[in-house]
Amino acid sequence: MYRTGDLARRRPDGRVEYLGRTDHQVKVRGFRVEPGEIETVLAAHPDVLQAAVLPHQDGTAGTRLVAYLVARTPLDPAALRAHAAAALPDYMVPAAFTTLDALPLSVNGKLDRSALPAPDFAAAAGGRAARTAREEILCGLFGEVLGLTTPVSADDDFFALGGHSLLATRLLSRVRAVLGAELGIRDVFETPTVAGLSQRLDGATARLALTARERPERLPLSSAQQRLWLIDRMEGPSALYNMPLALRLTGPLDTAALELALGDLVARHEILRTVIAEHDGEPHQLVLPPAGAALPVELRHCAPESVDAEVDRAARRPFDLAAEPPVRVTLLRVGAEEHVLVVALHHIVGDGWSMG
């Protein structure tokens with residue numbers, strides 16, 4: 001069969017409806033998006049003649065959608081955003097709208113993406129300057145989170161400037177860190193301007209300081225840990241939740257120094273020397289003392305052609321959460337100056353973010 005790259009669906013009446021190209025699909029905030037669907041919605045606006053939607057990569061804000069439009073009459077970006085939001089989910093609403101006299105075309109009549117101007121996410125900005133120190137700080141935080149190079153005013157709308165729910169969460173984190181106050185995601189959606197959030201901060205609760213506290217006799221598990229512990233108890237030890245990491249080491253290797261470095265790591269991070277104990281059928285964390293939680297490095301000699309199989313074997317060996325720490329290290333010696341280090345971590349003490 002010949003794969004055309006066209007995206008279509010078969011309707012109940014047997015007709016095939018053309019939806020666009022699969023090679024133009026993009027991922028935005030974890031969702032697969034077909035820009036052609038957005039272009040169809042925008043082109044349905046009575047004042048829009050043509051529409052093109054493209055992804056824009058931003059190191060600060062991630063992937064954002066940009067709409068380029070050819071219009072019959074001058075367009076109001078706010079009205080266009082409302083028109084799109086009425087028919088599309090939040091993650092498919094473009095973050096910026098740019099009006100052109102005509103869409104640039106290549107010699108074969110297709111959209112010339114390289115000829116499109118850079119999007120201006122600050123085009124919707126405009127309003128009064130900050131009146132208080134708090135508003136000035138919030139303006140700076142808006143610009144920082146959204147990756148804007150132009151100043152933000154006190155009346156600018158966070159979402160009109162290209163914000164979305166994930167960026168709103170990042171904004172709240174920055175507000176918490178800089179101003180020491182707790183706001184909720186609903187506050188950003190209900191009052192998405194600098195001035196509005198500044199007023200919400202008047203009634204916000206102060207962030208509790210992180211202080212050392214006396215530990216209970218038995219440390220409880222988090223809800224995520226309880227779930228993984230229950231699965232382990234029901235199904236028995238399994239490699240299903242092992243998180244392996246393999247590193248190829250080339251050159252002279254001091255295995256004693258390697259063991260000391262790993263020992264320092266385990267001593268520094270209590271979670272790496274924590275076993276899951278039980279009391280009256282209830283799980284709790286038991287932190288082993290650094291001296292009793294040394295991390296031995298299991299050394300194996302390995303032929304070059306067997307490396308993949310040995311890495312797989314080390315990664316798949318299950319953990320006994322009640323009897324051993326949740327991290328294991330295997331060192332494969334392939335040659336005098338060629339090694340593969342395999343570190344396996346159980347998901348009950350880490351996640352993808354932890355692996356760095």
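Predicted model: local features only at pLDDT ≥ 70, side-chain atom pairs only at ≥ 80, totals over all residues.
View 1. The axes of helix 3, which covers residues 133–146, and helix 4, which covers residues 165–179, come within 10 Å and cross at roughly 140°.

**View 2. Aromatic rings of F142, F158, F159 and F189 form a cluster.** The count of aromatic pairs in the model comes to three. One of them joins F142 and F158, whose ring centres are 5.3 Å apart and whose planes make an angle of 80°, and this arrangement is edge-to-face. The pair links distant parts of the chain, since F142 belongs to helix 3 whereas F158 is in the loop between helix 3 and helix 4, 16 residues apart. Are F142 and F158 buried or exposed? Both F142 and F158 are buried. Ring pairs connect F142 and F158 with F159 and F189 in the cluster.

**View 3. The charged end of R328 sits over the ring of F319.** When the side chains of R328 and F319 are viewed together, the charged end of R328 is found 4.0 Å from the centre of the F319 ring.

**View 4. Two cysteines, C139 and C302, are buried.** The relative accessible area of C139 is 9%, while that of C302 is 7%, and with the limit for a buried residue set at under 20%, both values place these cysteines in the buried class. A disulfide is a covalent bond between the sulfur atoms of two cysteines. How many disulfides does the model contain? The count comes to zero disulfides.

**View 5. D280 has a positive phi value in a loop between two strands.** The loop that holds D280 runs between strand 11, residues 274–279, and strand 12, residues 282–287. Phi of D280 is near 55°, which is a positive value in a residue other than glycine. D280 is exposed, because its relative accessible area is 71% and exposed residues are those over 50%.

**View 6. A52 is a buried residue of strand 5.** Strand 5 spans residues 48–58 and includes A52, whose relative accessible area is 3%, so that A52 counts as buried. If A52 is shown together with E34, the two residues are seen to be 18 residues apart in sequence and 12 Å apart in space, C-alpha to C-alpha.

**View 7. I348 is buried in the segment after strand 15.** Strand 15 is made up of residues 338–346, and I348 lies in the segment that follows. With a relative accessible area of 4%, I348 is buried. How far apart in space are I348 and R227? The C-alpha atoms of I348 and R227 are 8.9 Å apart in space, although 121 residues separate I348 and R227 in sequence.

Note on methods. Residues numbered from 1 in each chain as written. Heavy atoms only, no water. Phe/Tyr/Trp six-rings, centres within 6.5 Å; stacked < 30°, edge-to-face > 60°. Helix = DSSP H or I, 4+ residues; strand = E, 2+ residues; numbered from the N terminus. Buried < 20%, exposed > 50% of the residue type's maximum accessible area, 1.4 Å probe, protein only. Lys NZ or Arg CZ within 6 Å of the ring centre and 35° of its normal. Disulfide = S-S within 2.5 Å. Axes fitted to C-alpha atoms, helices over the stretch in contact; angles between N-to-C directions.
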